[in-house]
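I opened this structure to look up a few local features and note them down. The entries follow in the order I took them.

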Amino acid sequence: MRRLTTIFVSGVVLTALVFFMIGCPSTDKTAVTGSGQGNEAFVPPGKHDDFYAFMSGGFSGQIGVYGLPSGRLLRVIPVFSQDAEKGYGYSEETKPLLNTSHGFIQWDDLHHLQLSVTNGEQDGRWLFANANNTPRIARIDLRTFRTAEVIEIPNTGGNHASPFITENTEYIVSATRFSVPNEYSGNTDVPIETYKENFKGALTFVKCDNKNSGEMSLGFQILMPGFNYDLSRAGKDKSHGWFFFSCYNSEQANTMLEINASQKDKDFIAAVNWKKAEEYIAQGKGKMMKASYIHNTYDESTHTAKSETLTDVMTIDPAECPGIVYYIPTPKSPHGCDVDPTGEYIVGGGKLAAIIPVYSFTKMLDAINAKKFDGDFNGIPVLNYQAVLHGEVKKPGLGPLHTEFDGKGNAYTSFFVSSEIVKWDIKECKVLDRAPTYYSVGHLLVPGGDTRKPHGKYVIGMNKITKDRYLPTGPELTQSAQLYDISGDKMRMILDFPTIGEPHYAQACPADLLKKNSLKSYKLTENKHPYATLGEKEAKVERKGNDVHIYMSSIRSHFLPDNVEGVKLGDVVYFHVTNLEQDWDVPHGFAVKGGADCSELLLMPGETQTMKWIPKATGVYPFYCTDFCSALHQEMQGYIRVSPANSSVELKANTLAKN
Ligand code: K7E
Ligand code: CUA
């Protein structure tokens, strides 16, 4: 939610005011320091946490995996950013995952995560993540906790309302935050002031092979009016088949949005009947458009990712296909758009709103049938606000953003401006409890709190500002998460812990859902990498023109070969290193001194990875294992000798074959 910086500036002042105005955050010591009930978040040494939490790293492009309730950081999963700790984006095998139609991009801004679901319940198979900057969706395999696939979304800018998914993971959506000149028109070089005529906001439905591999492909794109689309949620149960997208800037301003996009009292939540869109497409009402976007997939048997360019996108125009989109007026710069576990209630968040609007799905259908419209926008009917409204939560706090659910009829909403989490009763629209956050909470999460079956127990607030909560670390302070026990009537803060990057959304699931499936090693017998060295006897060196391929094995505590000579200046060296270990948690690392493309590999047991290395000068270069693997780890090393381009030194290496 980087857009909120301006609000935050005034927010600091507002926050101070709100403390007085609604006097909500309790100032007694336990509210600030926790429940004071003993160490409820403590998980003793050797014991496991009850939940996995996956927290977005924001502009770090990564995901932090934490245990709950301890808050222990268990792993960082690189998705859209290179990560030396894993060799991700450095090995030749993982580089393709960062390919886009704009070339190799080593970074992105990851905001939202969603775990795959079946019948609206977490199934523990995959985790999806969005790239906000250069629009992409990634799929992470939860057996390996690694990025397995990335698909680019064409004709969009700022993939923010993403990767929210339908109840059986049929579709993962992407909505464009920036409307952009329609790429398919063939002319995107248009004056920015022609925004209203030329800019479109695409809502993309990415299909998922939900019964098998989980692989993604572009389903279809709905070409909407040029607003800023912000967040979304799928319908559930009775509202399955619908998707809800919040949007702002229905003013269609193209400059100084801070002022110009806050003119109208209400923007919209777009209710999209995607099943109906599928029907229209089946009847031939869609249009196939030419595009160019990249799809990257990782093959576990070859341990290698590949990129392919795709060229077709099915599009559909809502003005020509009545019944697929309706606009629900929503007050004051809508942000969050959340659907309760029953699928009946749709909760809007307005960044500048002083109420929380709650819409009824049943009333929405009735209003559509009775045509209770207040006009239309570019042919899309605008529903009457009162006709669709279930109720408004009055005086909940200031700046409601996001809402999660506990499955017991309660909702939990984060308030950025008044820095608090507010618990309220969905049916009655009545505030039940409020807890301060330190400070300026963005998203919040209840384990499974966005599904049909929330696990309840905790709510976590993810804060943008920490101020005085931790030891100072120079100008920049860590971001934080705060854990509250919600098993009783009152929320009780039991822990705060630092998070990596900027935590936006997060997901949590019971540990048992994933634990049993976690992969321990890659089987050497199943290693289909074309440059694998499957036993020490297979270690060798090969010259192909200027390319030198080194087939290298690693096992505690040596590389084979560990001496290579006969490389010449101008050569490109490929170290194909295979880890021959088959035990859990015995990686080896690999690094060579200097050279162009100097980088690092981290090899899991049974895995083959490749480092490309281009020497810049003659000499002898050491290489070594970077991961402390045994008592003799420090002995795990070798040399590569580089001679002049015209030298007659023959390519050789100390392999078993030669002995
Ligand atoms: Cu509110 Cu990008 Cu989901 Cu952050 S967004 S907080
Ligand atoms: Cu292998 Cu250290």
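I call a residue buried under 20% relative accessible area, exposed over 50% and partly exposed in between, with a 1.4 Å probe and protein chains only. Helices (H or I, at least four residues) and strands (E, at least two) are DSSP runs, numbered from the N terminus. I note that this is a predicted model, where local features need pLDDT of at least 70, side-chain atom pairs count only at pLDDT 80 or more, and totals for chains, interfaces and linings use all residues. Residues are numbered from 1 along each chain as its sequence is written, chains are lettered from A and ligands numbered from 1 in the order in which they are written, and side-chain values use heavy atoms, with hydrogens and water left out.

Entry: helix α5.
I looked at α5, residues 274-282, and found Trp-274, Ala-277 and Tyr-280 buried. They lie on the same side of α5 because they cover an arc of only 105 degrees around the axis; the arc is that of the directions from the helix axis to the C-beta atoms. The buried residues of α5 pack against several strands, including β11 (171-178), β13 (199-208) and β19 (304-316). Contact here means heavy atoms within 4.5 Å. Just after α5, Gly-284 has a positive phi of about 85 degrees.

Entry: cysteines.
How many disulfides does the structure hold? I found 0 disulfides, a disulfide being a pair of cysteine sulfur atoms within 2.5 Å. For Cys-429, the closest cysteine sulfur is in Cys-337, 16 Å away and so too far for a bond. Cys-429 is buried, at 11% relative accessibility. The sulfur of Cys-509 has its closest cysteine sulfur in Cys-208, at 17 Å, which is also too far for a bond. Cys-509 is buried at 0%.

Entry: ligand 1.
I listed 11 residues around ligand 1, and among the closest are His-111, His-112 and His-504. A residue is near a molecule if one of its heavy atoms lies within 4 Å of it.

Entry: backbone.
I found a cis peptide bond from Tyr-438 to Tyr-439, with omega near -10 degrees. Tyr-439 sits in the loop between β30 (430-436) and β31 (441-445). Another cis bond runs from Arg-556 to Ser-557, with omega near 0 degrees; Ser-557 is in the loop between β37 (547-555) and β38 (558-560). Lys-332, a residue other than glycine, has a positive phi near 55 degrees. Lys-332 is placed in the loop between β20 (325-331) and β21 (334-339), and is partly exposed at 31% relative accessible area.
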